[in-house]
Amino acid sequence: MSSFILTREKVDTVRSLIDKNLIRAGVSKVMVIDDAGNILTECGEDSHIVDTTSLAALAAANFGATSQIAKLIGEDDFSLLFHQGEKLSVHFIRIGKELIMMSVFKDDLSLGLIRCRITELIDPIKNILEE
């Protein structure tokens with residue numbers, strides 16, 4: 001995905017998939033960002049997140065830092081990150097080499113359910129964006 005054209009139609013299709021598979025399942029917020037922390041699209045509520053721009057930038061930096069950790073231990077990269085809090089948790093996963101999907105969800109949702117639904121979405125989202 002080194003070069004792609006982001007159209008309104010593609011964004012709407014990705015948002016629809018995220019809404020249907022994650023937001024309706026109870027995920028509070030989903031953002032698709034690039035490696036620089038730019039938000040390509042976001043879905044869900046903002047009540048738990050005050051500054052999505054800063055969150056996206058920090059998420060991209062988080063992936064950058066863990067990428068260097070991976071290299072230090074002999075891995076190419078880590079494709080998935082997870083941070084668990086008392087009330088909210090954040091799941092990050094790579095979409096191709098340049099994009100990251102970040103999902104924020106409450107503690108009443110199962111991590112297994114979230115991971116399963118996200119895993120099912122990665123290839124369709126990647127295919128939509130690469131068209």
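**View 1. A polar contact between the side chain of asparagine 21 and the backbone of leucine 17 in a predicted model.** A polar atom of the asparagine 21 side chain lies 2.8 Å from the backbone oxygen of leucine 17. A polar contact is a pair of N or O atoms within 3.5 Å; within protein, one must be able to donate a hydrogen and the other to accept it, and residues adjacent in sequence count only if both atoms are side-chain atoms. In this predicted model, local features need pLDDT of at least 70 and side-chain atom pairs count only at pLDDT 80 or more, whereas totals for chains, interfaces and linings use all residues. Residues are numbered from 1 along each chain as its sequence is written, and side-chain values use heavy atoms, with hydrogens and water left out.

**View 2. The surroundings of asparagine 21.** Asparagine 21 belongs to helix α1, residues 8-23 (helices, H or I, of at least four residues and strands, E, of at least two are DSSP runs numbered from the N terminus). With neighbours within four places in sequence left aside, asparagine 21 is in contact (heavy atoms within 4.5 Å) with Arg117 and Leu121.

**View 3. The lining of the largest cavity.** Leu6, Lys10, Val11, Val14, Val32, Leu40, Thr41 and Leu129 line this cavity. A cavity is a set of points, on a 1 Å grid over the protein atoms alone, where a 1.4 Å probe fits but cannot get out, and lining residues have an atom within 4 Å of a point. Helix α1 gives the most to the lining, with three residues, and α1 and β2 (39-44) each supply at least two.

Terms used
On a 1 Å grid over the protein atoms alone, a cavity is a set of points where a 1.4 Å probe fits but cannot get out, and a pocket is an open set with protein on both sides within 12 Å along at least five of seven lines; lining residues have an atom within 4 Å of a point.
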